[in-house]
Amino acid sequence: MTKLQNMTVLYFGSFNPFHIGHAAVAKFVAALPWVEELCFVLSPKNPIKESNTLQDANIRWEDLQRGVKKLNKEVEGTSFTANDIEFHLEPPLYTYNTLERLSQEFPDKHFALLMGGDNINILHKWYRGEELMQKYPILVYPREGVDTEAICKEKGAIFIDAPQVNVSSTQIRNMQANGEDVSHLRY
C-alpha cells in the first residue's frame, strides 16, 4: 500500500445534489496533512443505485463544479477538483476500473479512495472490491447507525473522524418535490 503523503483523495458519488454534508467531509479530509488534492469523481450512473431518481448528469456536473469553486475560495492549502472521467468510460462504471484508468493517466499521483462507513461494510460486494483495498488506501468517514471505526479496524481501512451532517441527497430531493426551501442544505 502507498505511504500516506501527497495523496490525491478521490471522493466518488452521484452528488444528486451536492450538499453541505459532502462539503463538510471534503473540508475535513482536505485538512489532513498528507492530502494534497481532494478530487470529486462524478458518477453519471451508479451500477448499484436506481437511475430513475438521478438528475441529468450534466446538471449534476455543473452543480459539482460550482461547489468545487466555492470550496477552493473558502479553504486554503488543498486543491479541490472535479473529474468527469466516468462520463467517458464504457459502462458498467466500476470504481476499480476508474481508479485503474486514473492511475494510468496520472502515474505520478498517489490515489486514495474516500467512502462512507456504509460502503466499507459492503466493499467485498463491489467489482474487484478486495483488490481495491489491496491497491489503494481506503479512507472511511462515519455514517449514522454504523460502527465505522470497528469496521475499519477489521477491514484494514483508515478511519477518518469527519463530522456527520444529518442531510442526504434523497432528503433534499424529497423536500424540493414538496416545494420546501432547500437552499440551507445545498452547497
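Reader: Hi! Which side chain does the side chain of Glu-37 join in a polar contact?
Author: Hello! In this predicted model, the partner is Lys-109, and the polar contact between the two side chains is 2.8 Å.

Reader: Nice. And where does Glu-37 lie?
Author: Glu-37 is part of strand β2, which covers residues 35-42.

Reader: Is Glu-37 buried or exposed?
Author: Glu-37 counts as buried, because its relative accessibility is 11% and the cut-off for buried is under 20%.

Reader: What else is Glu-37 in contact with, leaving aside neighbours within four places in sequence?
Author: Besides Lys-109, Glu-37 is in contact with Met-7, Thr-8 and Val-9, and also with Thr-78, Ser-79 and Thr-81.

Reader: Let me step back a bit. How many helices and strands does the protein have?
Author: There are seven helices and six strands. Along the sequence they come in the pattern β-α-β-α-β-α-β-α-α-β-α-β-α.

Reader: And how does the radius of gyration look for 187 residues?
Author: The radius of gyration is 16 Å, close to the 16 Å from the globule rule, so the protein is as compact as a globular protein of that length. The C-alpha trace spans about 50 × 35 × 30 Å along its principal axes.

Reader: What share of the contacts comes from residues 24 or more positions apart?
Author: Counting contacts with a separation of 6 or more, such residues account for 68%.

Reader: OK, new topic: helix α1. Why is it described as largely enclosed?
Author: Helix α1 runs over residues 20-30, and eight of its eleven residues are buried, so the rest of the structure largely encloses it.

Reader: Which residues of α1 are buried?
Author: They are Gly-21, His-22, Ala-23, Ala-24, Val-25, Ala-26, Val-29 and Ala-30.

Reader: And how much of the whole protein counts as buried?
Author: For the 187 residues of the protein, the figure is 46%.

Reader: I also spotted Leu-93. Where is it found?
Author: Leu-93 sits in the loop between β3 (79-83) and α3 (95-105). Leu-93 is buried, with a relative accessible area of 11%.

Reader: How far is Leu-93 from Tyr-127?
Author: In sequence, Leu-93 and Tyr-127 are 34 residues apart, and in space their C-alpha atoms are 9.6 Å apart.

Reader: Last one: what about the charges and the surface?
Author: The protein has 19 positive and 24 negative charges, and the mean positions of the two sets are 1 Å apart. The accessible surface is about 9,900 Å², with 46% of it belonging to carbon and sulfur atoms.

Key:
Residues are numbered from 1 along each chain as its sequence is written. This is a predicted model: local features need pLDDT of at least 70, side-chain atom pairs count only at pLDDT 80 or more; totals for chains, interfaces and linings use all residues. Side-chain values use heavy atoms; hydrogens and water are left out. Helices (H or I, at least four residues) and strands (E, at least two) are DSSP runs, numbered from the N terminus. The radius of gyration is taken over C-alpha atoms; the globule rule is 2.2 Å times the number of residues to the power 0.38. Buried means under 20% relative accessible area, exposed over 50%, partly exposed in between (1.4 Å probe, protein chains only). Contact means heavy atoms within 4.5 Å. Accessible areas come from the Shrake-Rupley method with a 1.4 Å probe; for residues, only the protein chains shown count as cover. Lys and Arg count as positive and Asp and Glu as negative; His and the chain ends are not counted. The place of a charge is taken as NZ of Lys, CZ of Arg, CG of Asp or CD of Glu. A polar contact is a pair of N or O atoms within 3.5 Å; within protein, one must be able to donate a hydrogen and the other to accept it, and residues adjacent in sequence count only if both atoms are side-chain atoms.
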